[in-house]
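Please look over the model shown here. A short report on its fold and contacts goes with it.

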Amino acid sequence: MCGIVGLFIKDKALEPKLGEMLSQMLEVMTDRGPDSAGFAVYGASEPGRVKLTLRASEGYDFAGLKDKLGGSSTLIERETHAVLSVPEAEVDAVKTRIAEVAPEVTVVGSGARMELYKEVGLPRDVAGRFKLSEMSGSHGIGHTRMATESAVTTNGAHPFSTGDDQCLVHNGSLSNHRGVRRELERQGVSLKTDNDSEVAAGYLTWRMNEGRSLGEALEDSLGDLDGFYTFVVGTESGFGVLRDPIACKPAVMAETDQYVAFGSEYRALAGLPGIENARVWEPEPAKAYFWDRKAA
Amino acid sequence: MNAGTQSHAVDLSNSTVRELNTALHALKAGSNASLWRVTNPGGLHAIAAGLDAPITVEVDGPVGYYCGGMNKQATVLVKGSAGVGVAENMMSGLVEVEGDASQAAGATAHGGTLIIGGNAAARCGISMKGIDIVVKGSVGHMSAFMAQAGTLTVFGDAGEALGDSIYEARLYVRGSVKSLGADCIEKEMRDEHKAQLFERFKLAGVEGQIDPSEFKRYGSARTLYHFHVDNASAY
């Protein structure tokens, strides 16, 4: 089953409320996915610095890791995750160093603005642990998982990130992910799990690396990805939605002057400000929808 | 509504859909006409499903899945959009949605009228068995799939594979049809069909505003009704 949500803020005055709104949307989708949950938020950036979202086991000493890494990184800890802000020039060295001195730590996301959190547990508990409701940002996506074909693990939770400031949540299942994975490996896109949704994320990363825009990459996936899917994706400045041509997986969207919102069901949108006057519609099958902050 | 109509208010922000439906199910055929105003539906599922009394339920906002499902006799008015399967398996009565409806609107319904003010998504009227559906906007792909009886009237366009494997329902579309499904063909629009369409306009309250001759009629070519010996090797 699974529930997915997404929110793209158009009115800057609402940005401090992003986390609160997304958190509430995620919690409503609990009955579609009570196993695990995750979200990515596009917050403020610092010029010349990159945010690395790290994940480790409960009680991990992130501060100790920061000391081992040295350099001029700064750290914000959130339970099993931590966001390390690193000068752009040092990113590759820091990643290499983490792999050497702390192989138990996973770098789950990297980018100027994106932070990514996911964990096993009820969506409300996951959002609460990471204090999603306090986060500010321009857009974010989230997922509540009901595992049907693989174990309930943090690695199997969404979102998946396969490129800087890029992430994806997926409701559905891909049927040709093995073949696409082999092609992506040939193209040099590295995937960390056996999950089919990560293949979809990797596919979009590859297309965008080839110079395609988010909208174009989504259109490309209609020809190359086979199976059931509703995707919600984020990039540094963009937010996109795509449903497969059969459109079995549910989706509803709402747009006001202040935001664009996506939910697996309308219930997820029911608590948003001004929803009673929003334009509410079901995204059409096989049609890429995308919004960009830079274009706005 | 006559002067004797009793009015009830149910706020779904402080009572459950189960409480609402239990109260509505307690009303049987022959009970007095009553008006139920439901506020704060918030996209909840199965609102006013399984009714069997000549009552009116007004829902003030968007509903989730299966609103008005299995309806008999009742009038259900939704002042918002509807999720999957609105009025599915309706037997009689009226379900009207002001906004858009998600997929499988009016699925398998035997009777009654379903009016959708906006667009209906995929599979509108799938396996319909006698319902009259009027969609003021457009319908998505595979609409009227395996439709058996009733009418589907679409003021806008129809998506891919309209009327695939259709039996005997009548489909009227004013706009474009992206493609017709297997065994569905365009048919001649005779006076009896224009008269039937005019009756459907009345259901939607737009008679006199639209010209029936702007519509095309689609139905079954009836080539899938019987086993054909040339297809023996396919089995």
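The report starts with conventions, then takes chain A and chain B in turn.

## Conventions

This is a predicted model: local features need pLDDT of at least 70, side-chain atom pairs count only at pLDDT 80 or more, and totals for chains, interfaces and linings use all residues. Residues are numbered from 1 along each chain as its sequence is written, while chains are lettered from A and ligands numbered from 1 in the order in which they are written.

## Chain A overall

Chain A holds seven helices and 16 strands. Helices (H or I, at least four residues) and strands (E, at least two) are DSSP runs, numbered from the N terminus. The radius of gyration of chain A is 18 Å, close to the 19 Å that the globule rule gives for 296 residues, so chain A is as compact as a globular protein of that length. That radius is taken over C-alpha atoms, and the globule rule is 2.2 Å times the number of residues to the power 0.38. The C-alpha trace spans about 50 × 45 × 35 Å along its principal axes.

Of the 296 residues of chain A, 50% are buried. A residue is buried if 20 or more other C-beta atoms lie within 10 Å of its own, exposed if 12 or fewer, and partly exposed in between; C-beta atoms are placed from the backbone. Among contacts in chain A with a separation of 6 or more, 72% come from residues 24 or more positions apart. A contact means that the C-beta atoms of two residues, placed from the backbone, lie within 7 Å.

## The sheet of chain A

Seven strands of chain A make an open, antiparallel sheet in the order β7-β2-β8-β1-β14-β13-β15. Strands β7 (114-120) and β15 (279-281) of chain A stand at the edges with a single partner strand each, so one side of each is left without a neighbour in the sheet. Neighbouring strands of this sheet are turned by 10 degrees against each other on average, direction ignored. Two strands pair if DSSP finds at least two bridges between them. Three bridges join β13 (residues 252-255) of chain A to β15(A), running antiparallel. There, A:M253 has A:W281 in β15(A) as its bridge partner.

## Helix α1 of chain A

Helix α1(A) packs on the sheet and touches β1, β2, β8 and β14 of chain A; its direction makes about 160 degrees with that of β1(A). Axes are lines fitted to C-alpha atoms, for helices over the stretch in contact, and angles run from 0 to 180 degrees between N-to-C directions.

Helix α1 (residues 18-28) of chain A is mostly covered, with nine of its eleven residues buried. Among the buried ones are A:L18, A:M21, A:L22 and A:V28. The buried residues of α1(A) also pack against α4 (123-129) of chain A.

## Domains of chain A

Chain A divides into domain 1 (3-44 + 122-292) and domain 2 (45-112). The bounds come from an automatic or database domain assignment. The domain centres, taken over C-alpha atoms, are 24 Å apart.

## Chain B and the interface

Eleven residues from chain A and 15 residues from chain B make up the contact of the two chains.

Strand β8 (residues 149-154) of chain B is mostly covered: five of its six residues are buried. Strand β7 (residues 129-135) of chain B pairs with β8(B) in the parallel sense over five bridges. One pair is B:K129 with B:A149. Four bridges join β8(B) to β9 (residues 170-173) of chain B, again parallel. Here B:L152 has B:L171 as its bridge partner.
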